[in-house]
Amino acid sequence: MSPVNDDGHYEVFWPRTARQTQLRPLAPRAHTLDGKTVAQLWNYMFYGAEVFSWLEQGLKARFPGVRFVSWNEFGSIHGTDERTVLAGLPQRFKELGVDAVISGMGS
Amino acid sequence: MLRASAACEAAGIPTASLVCEGFVKQFAATSVGLGVPNIPHALMPGHPSAQSEEERRRNILETTVEQVISNLTRAPAAANAQAEPAARDIFFVGGFQAVNRHFYEHGLNDGLPIVPPTRLAVEAFLRFTDRDPDQVLGVILPDSRAATIWSIAVNGVMAGCRPEYMPILVALVEAMVDHEYGVEHSGNTGGGETLILLNGPIVKQLGFNYTQGALRDGFLPNTSVGRFWRLYLRNVAGFLLHQSDKATYGDTWRVVLAENEDVISRIGWEPASVESGFAAGDNTVTIARYLSGITLASVSGTEPAKMLPYLADALAKQASWKLTFTVGPHGGTLRPRLVLSPIIAETIAKAGWSKLDVKRFLFEHARIPAFEFERMLRDWTDRPTWNLAEEVQRERLPKLFHESDDPGRLVPVFWKPEDILIAVAGDPLRTNAYAFASNGAVGFPVGKRIELPREWDRLLGESAQA
């Protein structure tokens, strides 16, 4: 006697929905950091203050002309006002002549 | 951090993102939803919190610096979009076991069997809303997917909900997409879990448990609606373990907590929904993420002033590292939730105390010495050292936190009495309470009114007979 199939038959939908973001191009890169201004953005986690100071040390050793704008200029990028802070970044970068950003810490 | 990097790239500024080794997979998964799957990162080996200063320095100088330079000076590889099914595509055809195996293999369920979301089942749910199935309530990070009415119905079916729960599910997703809640933080390492609090006549209409065992699975509406929440976080928001969900431990979903409004009404207190800005008697959901909870057994006594120090002590002890939500960028966002059993609430009310009286007492007594407050921030968080006097001087903290220079002065954990949220539920005749530890701004309380369909009563009657 063959076994009875009591497992049913189901045509089922996908439970996800379409992503609302398209692929976005990344910013063009410069060939060197010499003469460039690099801003630091920090979420106030994981020893970022000292990490940024070591990064400054390491980058200046390779690119003596690189300049930095401290994370102090921007406040936390992970606070209750994250959306406001991020929305204001392009204008702040223009004012400060920022060419590149190092963003930390974690993920 | 990645959201900041993506914003910079969109503004034409190249970035290097500093990613700890344990976060590389989360960074990769999250970057897809932000539309920048090829955004580069600079690795920080291990985790800085477990390294000596010398180890951290060496790792940065020997590994991270070179990668930062590469991130900022070399063009990243081009990215390709991934093809996905459309919402109304039949995704799979097969028997119950095969459907569940397929969903599990594609990361679409929580490890338990789901109810297959067929057209018939989904349409039954859609009858319980007057909204257009294609209406988009919002776009949810990290996957940046559209929160549609259709997808709510599909995931509601999967969770084992009944069709008449649909109005609650819609309200929940409206709360999920509210920026104040901060759903994008749901994959953080603390792994807090959302508590859904239900108020209004709908509690009884749909048979939610609001008495003994109020936080235990075992009642269909409480359990299945709780499960829906996490399925929706998985399938539409995109929080998957080992990818974008970085919970160090995490919790299973919480069942819905329904407030005992019979007792609330009898003692003349306002239901918890009023704390969220609604009128007593409204059908509402209130969501918030909590990191843990403490059961307070045997809250004995007949006088509030003798009963409440026990609860205040629990609130103060829960603070610990979470003081980072009292001071700093997330300052003033702690919102603990106390759940009182009915007999406790009745005893307090009998003494003439309102809910606000209780909150004021708890605010006055949930305090710790200033030196201990500062020590916990300094030693138990990775943030810069905080000085309460300085924070008050800069007007980043209420004056209450520095009324003198005495390091032994008692300072509050919260900013004001109303920050302490109170609900009444649980075993009516047991003098126990429960204190949920707030996750601050990353899962901030948000309430929404539940919108019933025009034909609610008729539909409910038909569903009961089905």
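Modeller: A residue counts as buried if 20 or more other C-beta atoms lie within 10 Å of its own. The model is predicted.

Colleague: Which residue is the bridge partner of Leu296(B) in strand 13 of chain B?
Modeller: Strand 8 of chain B, residues 284–296, runs antiparallel to strand 13 of chain B, with six bridges between them. Leu296(B) belongs to one of these pairs, and its partner in strand 13 is Ala433(B).

Colleague: Which residue does Val339(B) stand opposite in strand 13 of chain B?
Modeller: Strand 9 of chain B, residues 337–340, also pairs with strand 13 of chain B. The two strands are antiparallel and share four bridges. Opposite Val339(B) stands Tyr434(B).

Colleague: How many residues of helix 7 of chain B are buried?
Modeller: Helix 7 of chain B spans residues 166–176 and is mostly covered. Among its buried residues are Met166(B), Leu169(B), Glu174(B) and Met176(B). The count is 11 of 11.

Colleague: What order of elements does chain A have from the N terminus on?
Modeller: Chain A has two helices and four strands. Read from the N terminus, their order is β-β-α-β-α-β.

Colleague: Why is chain A described as more spread out than a compact globule?
Modeller: The C-alpha trace of chain A spans about 85 × 30 × 30 Å along its principal axes. For 107 residues the globule rule gives 13 Å, and chain A is well over that, so it is more spread out than a compact globule; its radius of gyration is 24 Å.

Colleague: What share of the residues of chain A count as buried?
Modeller: Of the contacts in chain A with a separation of 6 or more, 81% join residues 24 or more positions apart. Of the 107 residues of chain A, the buried share is 43%.

Colleague: Which element gives the most to the side of chain A that touches chain B?
Modeller: The contact involves 58 residues of chain A and 84 residues of chain B. On the chain A side, strand 1, helix 1, helix 2 and strand 4 each give two or more residues. By class, that side has 31 nonpolar, 18 polar and nine charged residues. With eight residues, the top contributor is helix 1 of chain A.

Colleague: Which residue of strand 1 of chain B is the bridge partner of Gly106(A)?
Modeller: Strand 4 of chain A pairs with strand 1 of chain B, residues 15–20. The pairing is parallel, over four bridges. The partner of Gly106(A) is Val19(B).

Colleague: Which strands stand at the edges of the open sheet of five strands?
Modeller: The sheet has parallel pairing and the order 3(A)-2(A)-4(A)-1(B)-2(B). From one strand to the next, the twist averages 25°.

Colleague: At about what angle does helix 1 of chain B run to strand 1 of chain B?
Modeller: Helix 1 of chain A lies across strands 2, 3 and 4 of chain A and strand 1 of chain B. That helix runs at about 140° to strand 4 of chain A. Helix 1 of chain B lies across strand 2 and strand 4 of chain A together with strand 1 of chain B. To strand 1 of chain B, helix 1 of chain B runs at about 170°.

Key: Residues are numbered from 1 along each chain as its sequence is written. Chains are lettered from A and ligands numbered from 1 in the order in which they are written. This is a predicted model: local features need pLDDT of at least 70, side-chain atom pairs count only at pLDDT 80 or more; totals for chains, interfaces and linings use all residues. A residue is buried if 20 or more other C-beta atoms lie within 10 Å of its own, exposed if 12 or fewer, and partly exposed in between; C-beta atoms are placed from the backbone. Two residues are in contact if their C-beta atoms, placed from the backbone, lie within 7 Å. Ala, Val, Leu, Ile, Met, Phe, Trp, Tyr, Cys and Pro count as nonpolar, Asp, Glu, Lys and Arg as charged, and the others, Gly among them, as polar. Two strands pair if DSSP finds at least two bridges between them. Axes are lines fitted to C-alpha atoms, for helices over the stretch in contact, and angles run from 0 to 180 degrees between N-to-C directions. The radius of gyration is taken over C-alpha atoms; the globule rule is 2.2 Å times the number of residues to the power 0.38.
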